[in-house]
Amino acid sequence: KCAVTFSGITAVSKTYDGTAAAALDFSAMQLSGVVSGDDLAIDTAKLSGAFADANVGTGKPVAISAAEGALTGTAAANYTLDTAGSQTGAAADITAATITVTPADFSTTYGEDAAFTASYSGIADADKATASLITGSVSYTVKQGEGTAFAYAKTTDAGTYAILADVSGLHAANYTFAAGAPAVLTVNRRPVEAAASASPSVTKPYDGGTDGTAYVGADDYRFTAVAGESVSGITNGDTVTLSSFRAVYNSKNVGDAVLVTMSDLVLSSGNYVLRTTAFDISASITPIPLTITAENKAIVYGDAAPAFSTAWSGLVSGESAGSASCACAYRLSDDANRGAGSYAITPSGYVNGNYSITYANGTLTVGKAVLTVTAESPSIPYGSSLPANACPYSGFRNGDPFGHAGITGTADYTYAA
């Protein structure tokens, strides 16, 4: 039989796959020693290539071998394949494979740790059972939007972040590493409950209403962990207050008002979620000053006592004066207290627990009554002596007799012709 040989085969470079198998390129292969006109070819499926080992390298030798029955065609029976004289080798590269490290989504609560993990893809089947294949560790950062990436900490604000894997610390023979798509980190708000502090001091002056919002301070309430939830309560030394709330007294009146109900609660920090919708704080309302002043009055001796009245200072807007009585020392029926002069008007008797009441006296001025002295008109004969003139008085009041009026002296008379 006639011997033939083959040549012109090249080896194809590949990415590391954990095997020594090498692909061959037959596009330029030539078969030498064939008689012209004979139908003879090589079944390339019977030809194979193998690297000396599976490891990454450049220009690595590839051994080419042919299996029995490699020759095909109608003239194949007349030929033998001279494998020794044929091409037995080539060269090609094995480049490193890429292991993709993809972080996993993770959820935590503000103030708690975050244990990030990742999955690895791209490891050759032959290496999957090798426990020590990969050395080093992945480091993780997080970021929001187009912001700068940073390492997660317990103080990281509540919100949603991208988890980024940094693979620069990983090493494995025959591999490089690439970070996969970012994962999602959810930092949930930390639950808290609100309650009255141990010693609240909510108090306001009486104003006729029940709104107490302006009188509740941060020392009047406190935040606590949520019963039955281990991950709750204020953490990281944070100072948290209620940035907005409504406080309503149970009564507008002093004495009846003993608490305010807190509602419409809004926290100052977005890192916490308030499980409490409303709570009560002990509170009080204090009376405010009210001055009731008797208004001054003036009469003339003998007039009836006037209608006394009062002026009020300090009433809450929208409230009207109540009923107060006035007393005065002036008496029409008492000789000791009926003359002209000044008398105190003393108000009293108003009761309202919402006010601290002060009374101010007024003055009743009793003016003197006017007496009229009228000379009589006597008639006498010419040359007679002048008669005594009685000169009667008029204008006495209260039934006073002449003597009671306290008139002293005598009236002088003159006559004109």
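**A strand and its surroundings**

Author: Let us start with D264, which sits in strand β25, the stretch of residues 259-267. Helices here are DSSP runs of H or I with at least four residues, strands are runs of E with at least two, and both are numbered from the N terminus. Before we go on, a word on the source: this is a predicted model, in which local features need pLDDT of at least 70 and side-chain atom pairs count only at pLDDT 80 or more, while totals for chains, interfaces and linings use all residues. Residues are numbered from 1 along each chain as its sequence is written, and side-chain values use heavy atoms, with hydrogens and water left out.

What is the phi of D264? It is positive, about 50°, although D264 is not a glycine. Most residues other than glycine have a negative phi. With 52% relative accessibility, D264 counts as exposed; the cut-offs are under 20% relative accessible area for buried, over 50% for exposed and partly exposed in between, using a 1.4 Å probe and protein chains only.

Another positive phi belongs to N174, again a residue other than glycine, with a value near 75°. N174 is found in the loop between β18 (170-171) and β19 (175-179). Its relative accessibility is 15%, so N174 counts as buried. Beyond residues up to four places away in sequence, N174 touches Y16, N55, V56, A96 and A97, where contact means heavy atoms within 4.5 Å. T95 is 79 residues away from N174 in sequence, yet their C-alpha atoms are 7.6 Å apart in space.

Take L242 as an example: leaving aside neighbours within four places in sequence, L242 is in contact with Y221, F223, M262, L265, V266, L267 and L274.

P191 has 5% relative accessibility, so it counts as buried. Not counting residues up to four places away in sequence, P191 touches T109, V226, E229, V231, S232, G233, V273 and R275.

Neighbours within four places in sequence aside, E193 is in contact with R222, F223, T224, A225, V226, A227, L274, R275 and T276.

One more stop is I134, in the loop between β14 (118-121) and β15 (135-136). I134 is partly exposed, at 25% relative accessible area, and its contacts, with neighbours within four places in sequence left aside, are I99, Y120, I123, L170, H171, A172 and F177. I134 and T365 are 231 residues apart in sequence, and their C-alpha atoms are 111 Å apart in space.

Now let us step back to the whole protein. It has 0 helices and 36 strands. Its radius of gyration is 59 Å, well over the 22 Å that the globule rule gives for 417 residues, so the protein is more spread out than a compact globule; the radius is taken over C-alpha atoms, and the rule is 2.2 Å times the number of residues to the power 0.38. The C-alpha trace spans about 210 × 50 × 30 Å along its principal axes. Of the 417 residues, 30% count as buried. Among contacts with a separation of 6 or more, 64% come from residues 24 or more positions apart.
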